[in-house]
Structures are given as structure tokens and as C-alpha cells.
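Subject: Structure handover

Hello,

Here is the structure I promised to pass on. Please open it next to this note and follow along.

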Amino acid sequence: MKAIIISGGKSTRLRPLSNEIPKTLIGIYGKTVLERQIGIFRNCGISDITVITGYKSERINLPNITCIKNEKYETTNVNEGLFCAKSKLNDSVIITYGDIIFEQEILEQTLNFKGDMGVVIDLDWKKQYAGKFGRPISEADNVIMNKKQILEIRKNITEKKGFRLAESIGMFNLSKSGAKVLVDRYDYLKKSHEGRFHSASSFTNAFFMDMIQDMIDIGIMIEPIPIKGKWCEIDTKIDLERAKEIFS
């Protein structure tokens with residue numbers, strides 16, 4: 001099992017905190033977001049850890065990890081960042097966004113998944129969007145699903161009778177064969193796709209959830225991995241204050 005942490009964006013909504021460092025190096029109670037993720041991966045027996053860098057990449061200097069820079073981080077998005085580490089997608093892998101904090105129990109639940117392609121989801125997701133540090137609900141990466149599989153993944157999904165609505169927390173579990181399916185589909189689209197790509201203006205500007213939606217649309221089984229526990233995305237200063245409260 002490997003881990004890939006996608007950490008390449010400019011983090012403009014966290015300025016001035018992110019003026020000189022990527023947001024994954026912002027500290028919370030003595031540890032950076034990136035150090036917390038790496039520590040949890042290692043506690044769960046995952047030592048092959050790759051960090052996709054971009055903005056202020058020279059500031060990420062942690063021992064015993066592989067750093068791969070997305071040289072085009074200013075003009076591409078999360079999906080292209082991930083596939084800078086395509087050579088690492090040759091085995092079972094956990095993929096995480098670099099701006100999420102989560103407790104170890106969430107990764108442990110994720111590792112129990114036995115399918116080929118899974119999206120970690122929070123069924124109690126609306127708690128992230130209420131209270132003192134509530135986020136705009138339009139920022140949620142929603143999924144809609146039946147009991148067995150995810151049918152749609154994007155922002156602003158309307159609830160439908162007979163289906164469950166949840167939020168993708170930004171973590172994914174792929175088996176070795178699932179990773180191969182992902183890479184093969186990416187290679188095909190990289191050569192052939194033109195124009196808009198799902199919610200993105202182009203394939204090179206796609207989020208990873210656009211890639212997942214594409215695979216759903218061609219009939220590939222994408223399963224939900226429901227979790228319970230503490231987690232938080234850090235994209236704004238309000239998110240940071242919320243994370244401090246949750247993980248105090």
C-alpha cells in the first residue's frame with residue numbers, strides 16, 4: 001500500500017498565512033497539516049509516501065518521503081497534479097488532498113475497504129456547514145449514491161428520493177487493479193479529449209472528482225467508503241479556526 005498526498009495549489013484564500021508556504025505547512029498545535037497526514041500514514045504501516053508539490057515546493061523538506069513537483073501547477077488543477085505521480089499508481093494506494101486534517105480512525109476505516117475503487121464519504125456531512133465556523137454549503141464535494149455505488153460526484157447536488165447524499169472528504173482508496181483502470185483511462189483521455197470535461201473548463205484544468213465522474217459515466221464501479229470521526233478541510237481562515245476547535 002502506498003500513499004499520495006496532493007499538495008500543489010497557491011492557497012490564495014489563506015493569505016497572508018500562505019504567502020511564503022503552501023497551506024500544507026500551516027501549523028496547528030505544533031504540527032503542520034502535512035506532518036499530521038504523514039504521521040498517520042506511518043502509524044498505519046504505510047511508508048511509501050509521495051507528496052505532489054507545486055507552489056513554494058522548496059519549503060517542503062521532510063525526511064523519508066518522495067516529492068514530485070507539478071511544474072505546471074499554475075495552469076493545471078488537482079487531476080494533473082495527481083498524474084505527475086503516475087509511476088506511483090502501480091499498486092494499491094490511498095490518495096488524499098493535502099489540505100485535510102483527519103484522525104487516525106478515519107484512515108483505519110478507509111484501509112478496511114476491500115473493493116477496487118472507493119471514495120471516502122461522510123454521511124453526517126452537514127455538520128461542516130453549520131455553527132460558528134460553518135462553511136458555505138456550495139463548497140461541498142457531494143456524492144449521491146445507492147446502497148452499493150456512487151452515481152454522481154460534484155458540487156451542489158440536489159437530494160433525490162431513494163438515494164443518499166453525502167460529502168467526499170478528499171480521500172480515496174484504490175486497489176492495484178483499480179489504480180491500473182484509473183491510469184489507463186487517464187492516458188486515453190489525455191490523448192483524445194477536447195473541450196469541457198465535466199465540471200471543468202478543460203481536461204488539464206480538471207479536479208480529481210471530474211475524473212471519477214468520467215469513470216462512473218462509462219460504467220466503472222465506484223464505491224462509497226462511509227467513515228465516522230473527526231476531519232476538516234482547510235481552505236480558508238475560518239476553516240483553520242474550525243480545525244483548531246475540532247482538534248484541540
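Start at helix 1, residues 33-43. Its buried residues are Val33, Leu34, Arg36, Gln37, Ile38, Ile40 and Phe41. Before going further, please keep in mind that this is a predicted model.

Now step just past the end of helix 1. Gly45 has a positive phi there, about 85 degrees. This glycine sits in the loop that runs between helix 1 and strand 4. Is Gly45 buried or exposed? Its relative accessibility is 63%, so Gly45 counts as exposed. Look at the chain start as well. Met1 and Gly45 are 44 residues apart along the chain, and 8.6 Å separates their C-alpha atoms.

**The whole protein**

The protein has six helices and 13 strands. Its radius of gyration is 17 Å, close to the 18 Å that the globule rule gives for 248 residues, so the protein is as compact as a globular protein of that length. The C-alpha trace spans about 45 × 40 × 35 Å along its principal axes.

How much of the protein is buried? Of its 248 residues, 54% count as buried. The accessible surface is about 11,600 Å². Carbon and sulfur atoms hold 49% of that surface.

Contacts reach across the sequence. Take those between residues at least 6 apart: 70% of them join residues at least 24 apart.

Charges next. There are 37 positive and 32 negative side chains. The centres of these two sets lie 1 Å apart.

**The cores**

In soluble globular proteins, nonpolar side chains tend to be buried together. Here the largest nonpolar core has 39 residues. Which of them touch the most other members? They are Leu89, Ile95, Leu182, Phe208 and Ile222. Helix 5, residues 208-217, gives this core its largest share, six residues.

Leaving out residues up to four places away in sequence, Leu89 touches Ile4, Phe83, Ile95, Ala179, Leu182 and Val183. A second core is separate and has 36 residues. Among its members are Leu25, Ile26, Ile106 and Ile169.

**Helix 5**

Helix 5 is mostly covered, with nine of its 10 residues buried. Which ones are they? The list is Phe208, Met209, Asp210, Met211, Ile212, Gln213, Asp214, Met215 and Ile216. Note that Asp210, Gln213 and Asp214 are included. Just after helix 5 comes Gly219, with a positive phi of about 95 degrees.

Two residues deserve a look here.

- Lys56 is not a glycine, yet its phi is positive, near 50 degrees. Lys56 belongs to the loop between strand 4 (48-53) and strand 5 (66-69). At 24% relative accessibility, this lysine counts as partly exposed.
- His198 is not a glycine either, and its phi is positive at about 55 degrees. His198 is in the loop between helix 4 (176-192) and helix 5. Its relative accessibility is 32%, so His198 counts as partly exposed.

Two residues stand out for a visit between helix 2 and strand 6.

Lys86 lies in this loop. Its relative accessible area is 33%, which makes Lys86 partly exposed. What does Lys86 contact, leaving aside neighbours within four places in sequence? Its partners are Val183, Tyr186 and Asp187. For Asp187, the C-alpha separation from Lys86 is 10.0 Å, across 101 residues of chain.

Ser87 lies in the loop too, between helix 2 (78-82) and strand 6 (93-97). Is Ser87 buried or exposed? With a relative accessible area of 56%, above the 50% cut-off, Ser87 is exposed.

**Where to begin**

Then go to helix 5, where nine of 10 residues are buried. Finish at Gly45, which is exposed.

Best wishes

Terms used:
Residues are numbered from 1 along each chain as its sequence is written. This is a predicted model: local features need pLDDT of at least 70, side-chain atom pairs count only at pLDDT 80 or more; totals for chains, interfaces and linings use all residues. Side-chain values use heavy atoms; hydrogens and water are left out. A nonpolar core is a set of buried Ala, Val, Leu, Ile, Met, Phe, Trp, Tyr and Cys residues joined through side-chain atoms within 4.5 Å. Buried means under 20% relative accessible area, exposed over 50%, partly exposed in between (1.4 Å probe, protein chains only). Helices (H or I, at least four residues) and strands (E, at least two) are DSSP runs, numbered from the N terminus. Contact means heavy atoms within 4.5 Å. The radius of gyration is taken over C-alpha atoms; the globule rule is 2.2 Å times the number of residues to the power 0.38. Accessible areas come from the Shrake-Rupley method with a 1.4 Å probe; for residues, only the protein chains shown count as cover. Lys and Arg count as positive and Asp and Glu as negative; His and the chain ends are not counted. The place of a charge is taken as NZ of Lys, CZ of Arg, CG of Asp or CD of Glu.
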